[in-house]
Amino acid sequence: MKLLKEKIEKEGQVLSDTVLKVDSFLNHQIDPLLMKEIGDEFAKRYSDQIITKVLTIESSGIAPSTFLGLTLGAPVVFARKRKSLTLTDNLYTSKVHSFTKNETNEISVSNKFITADDNVVIIDDFLANGEALKGLIDIANQAGATIVGAGIVIEKGFQEGGKILREQGLRIESLANIKSLANGKVEFYD
Ligand code: 5GP
């Protein structure tokens, strides 16, 4: 996606050979016009499928997911990383190791919001080693939902997650795929 790549080139900060900071439009401040285009692009790519629910993880998956949900007319469910006082039972849970924070969180979704009748698309901001996606897939599977595929705003193709999950048969649509962050420079595939 051209606009997204331009935004990454202009505003992304390469923090190391493996970490990209994009907090001016995705991870802290949000660019709503870009998010709208991202939502529309995911909807276009999955226009061959019937989607009843968008599943993501807090917090940075919520903005792109909401715009996709708006375009599709489908609700958006986000997995929570912390136990909430009002979210106590009837939960699907999974463990997710965070690439950027180097800690493991238990993520949870109420069984009210994902069911065996759902056709789910899973959205996240980044794909690195695939841990977040695996956790969300686990939750969708516990609910008996059908997983239509995943949508990723920024895939880091030099890390293993995308390769492993595609080999397992998951359809992954990523809007920007980074080949390298070496020498402080962002290099894309294609
Ligand atoms: P994975 O679970 O695929 O290893 O990593 C994806 C998750 O880690 C995403 O939910 C995202 O929040 C975070 N993440 C991974 N790599 C990066 C990165 O380079 N920059 C930022 N900002 N977040 C990342």
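User: How far does a polar side-chain atom of Asn-27 lie from a nitrogen atom of the ligand?

Analyst: This is a predicted model, in which local features need pLDDT of at least 70, side-chain atom pairs count only at pLDDT 80 or more, and totals for chains, interfaces and linings use all residues. Residues are numbered from 1 along each chain as its sequence is written, and side-chain values use heavy atoms, with hydrogens and water left out. For Asp-125, a polar side-chain atom lies 3.2 Å from an oxygen atom of the ligand. For Asn-27, the distance to a ligand nitrogen atom is 3.0 Å.

User: How much of the ligand's exposed area does the protein bury?

Analyst: Accessible areas come from the Shrake-Rupley method with a 1.4 Å probe, and for residues only the protein chains shown count as cover. A backbone N or O atom of Glu-131 lies 3.1 Å from an oxygen atom of the ligand. The ligand taken alone exposes 510 Å², of which the protein buries 88%.

User: Is Asp-118 buried or exposed?

Analyst: Buried means under 20% relative accessible area, exposed over 50%, and partly exposed in between (1.4 Å probe, protein chains only). Asp-118 has 7% relative accessibility, so this residue counts as buried.

User: Leaving aside neighbours within four places in sequence, which residues is Asp-118 in contact with?

Analyst: Contact means heavy atoms within 4.5 Å. With neighbours within four places in sequence left aside, Asp-118 is in contact with Thr-52, Lys-53, Phe-113, Ala-145 and Thr-146.

Terms used
Polar contact = N/O pair within 3.5 Å; in protein donor to acceptor, adjacent residues only side chain to side chain.
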